[in-house]
There are 2 protein chains.
Amino acid sequence: MPFPTPPPILTGMNGLQFRKSVQAIKPYVPGKSIEEVARELGVNDIIKMASNENPFGCPVTAEQLAPHIQRGSYYPNVATTPLYEKVAELHGVSEKQLVFGNGSDEILMMLGQVFLSSDTHAIFSQHTFSEYEFVCRVMGASFTSVPTRDYTYDLQAILYAIREETRVIFLANPNNPTGLLISRQTLDAFLSVVPDWVAVVLDEAYAEFVTSPDFASGISLLDKYPNVIVTRTFSKLYGLAAFRIGYAVTAEETVTQLHKVRQPFNVNQIAAMAAVHALDNAAFIQRTLENNEMGKRYLYSILEKLGLEYIPTEANFICVQLPFSGKLAFENLLKLGIIVRNLASFELPNAIRITIGLTAQNERLGTALKSLLSRG
Amino acid sequence: MPFPTPPPILTGMNGLQFRKSVQAIKPYVPGKSIEEVARELGVNDIIKMASNENPFGCPVTAEQLAPHIQRGSYYPNVATTPLYEKVAELHGVSEKQLVFGNGSDEILMMLGQVFLSSDTHAIFSQHTFSEYEFVCRVMGASFTSVPTRDYTYDLQAILYAIREETRVIFLANPNNPTGLLISRQTLDAFLSVVPDWVAVVLDEAYAEFVTSPDFASGISLLDKYPNVIVTRTFSKLYGLAAFRIGYAVTAEETVTQLHKVRQPFNVNQIAAMAAVHALDNAAFIQRTLENNEMGKRYLYSILEKLGLEYIPTEANFICVQLPFSGKLAFENLLKLGIIVRNLASFELPNAIRITIGLTAQNERLGTALKSLLSRG
């Protein structure tokens, strides 16, 4: 059955017409994996201190997940697991204030989908997680990246960047890759003057690692500021990065909108059940937090001995300033079997980000940095 | 530190400004899960023939996935698994022609992200998978849902719906929920007259179940029509719906664009490895296909005996016409412990979709339908 040719409506287009705002996106370059480095170097003893993963590994066993793998042919449904209940209890919020995602990355994209389009605008800071700009580009929204002051968010300048089309302000707290905190008092003062029609997304991927008494999670401010949206992840403290699960905590009205753009089967069932088991593993959580404090002190002392500047961190990584490029440090540490994060893509060309590791890993990094500097 | 209030730029807006096209989305209502029905009815012996899942269950064991669960604290990276290589080999394409997603649902959204925005248009058919309309709404694109003729795609009308702003035509082949095929000859004739600047997305979620010799996968037509994009899933034949993994096969140029909108960690590592193991399980695949043929014949004979009309299927489900509403059938079959799909949301109010099950399940369904009709 040949079709009659449709009327020739167009001649000017050659080949597929991709969206312009998408073509401008630079593909994200993730940190190198241990497998890749091992293959390239031909060695086995590689440690990864690049992506802020949990150095104790995964807190959940195959045995715990076996019943859910066995039922793996069924479509997932987080509502059939205890996850809503457990997370609601953890934060003292209603289950109706929660939305789960395929990592908090997906939650951030869903926020873009409910708020951003080509006629709107978003604001984030320089030296921060690249996902916010990515979300803006995918949704075709314009955006302002506000310069930092001494690596710190310039919240005053962020306020002044708000315009009629602004729909979202993205703030990581603590910030990635600096580890810096917006204090409770500053956050409250900031939120009190942000117009209530602008959503303030507080990306709290590292909040569980904060030790400063000056910190307030946005969750504690939701009653006062319903335009606040908090995102959290199971990829860091809870050691489940491979599984992909994160969530938003916010006002019910916003949750209703997020559910509209949520793909019905966005969260895999194995991840949902892994998250349930991870929340129950109090010993793992405590061990992780204690190790992070100990490792932080140790790395501070090493960095000070080596005369390297660093930003005191409230997260599970340290941003280290170098007398040479982060690229050079990355490449030379790689040769010693240690993967760190070169911060050039964060507009910090002379810095690396080091995930706080286990004692032996931190010591090996200390030795490697020392040899690197003595050669420098 | 109190902030000076920013200049009062706006007064007309009250509260968060959600995108209008999103507010219009009706939340997807997934098929009921066995757990939900068991809870509601207080019984245990529930069978689900509603979501076209594999009746043999999951082909992958917890033991096989154990090493990957143990490494579950690391961010996922499909490129470190043999999945690209295996799928490329399966289809005789280059690895550069593949993109993996969090289910083919995510692939469809990524296609929306690279092609659709508020100034563009997409086309799909009436009586088809709801995801295509969902993608259009999330991206704010306009769309035309072209009426079917006798439940069949009206490809001529689809051609005439193409306009300057059209960027994508979505076609499920075989179609869900009808199980109908676009034949090789018809597809070729259709593609030969679609302008090369319009992407034709062939959603082949059920392609592995096709037995008609008249079928051609879009993959075999990629060289001839580089504007074709094929999507596939591991949720049906491969029994991995809970894990979330699907993929696109298309021209390298389109893959490059899809990688730009792809979240870097969109596919969980457990799913990627489960897919590798599922591809290796030839016995499971063969058993599934044989059972589907046998179950199809059996259900046809039952439906004919009961005098029920059905659409001969090329998939793992059957669309059955009823002398009463699909809602009524759904509710009454539910009371007998059988979950089917009411097709009201597909604009087929007097029809249900039945997943072809195991022999005992098909028999139980046959008995239930008989009792339903005799009571009717």
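Let me begin with one residue: Phe100(A) counts as buried because 26 C-beta neighbours lie inside 10 Å. The term buried requires 20 or more other C-beta atoms within 10 Å of the residue's own, while 12 or fewer means exposed and anything in between partly exposed, with C-beta atoms placed from the backbone.

Before I continue, please note that this is a predicted model, in which local features need pLDDT of at least 70, side-chain atom pairs count only at pLDDT 80 or more, and totals for chains, interfaces and linings use all residues. Residues are numbered from 1 along each chain as its sequence is written, and chains are lettered from A and ligands numbered from 1 in the order in which they are written.

Phe100(A) belongs to strand β2 of chain A, residues 98-101. Helices (H or I, at least four residues) and strands (E, at least two) are DSSP runs, numbered from the N terminus. Which residues does Phe100(A) touch, leaving aside those up to four places away in sequence? They are Val78(A), Leu83(A), Ile245(A), Tyr247(A) and Val267(A). Contact here means that C-beta atoms, placed from the backbone, lie within 7 Å.

I turn now to a pair of helices. In chain A, α3 (residues 62-70) and α10 (residues 269-280) pack with their axes 10 Å apart, at an angle of about 150°. The axes are lines fitted to C-alpha atoms, for helices over the stretch in contact, and angles run from 0 to 180 degrees between N-to-C directions. The angle therefore makes α3(A) roughly antiparallel to α10(A), a term for angles over 145 degrees. On the α3(A) side, Gln64(A), Leu65(A), His68(A) and Ile69(A) meet Gln269(A), Ile270(A), Met273(A), Ala274(A) and His277(A) of α10(A). This contact has five nonpolar, four polar and no charged residues. Ala, Val, Leu, Ile, Met, Phe, Trp, Tyr, Cys and Pro count as nonpolar, Asp, Glu, Lys and Arg as charged, and the others, Gly among them, as polar.

Next, the domains. Chain A is divided into domain 1 (31-56 + 283-375) and domain 2 (62-280), with bounds from an automatic or database domain assignment. Their C-alpha centres lie 26 Å apart. Between them, 22 residues of domain 1 are in contact with 19 residues of domain 2. On the domain 1 side, α11(A) gives the most, with four residues.

Finally, the two chains: 93 residues of chain B are in contact with 92 residues of chain A. On the chain B side, α5(B) gives the most, with seven residues, and the residues divide into 47 nonpolar, 32 polar and 14 charged.

Methods
Angles under 35 degrees count as roughly parallel, over 145 as roughly antiparallel, 65 to 115 as roughly perpendicular and the rest as oblique.
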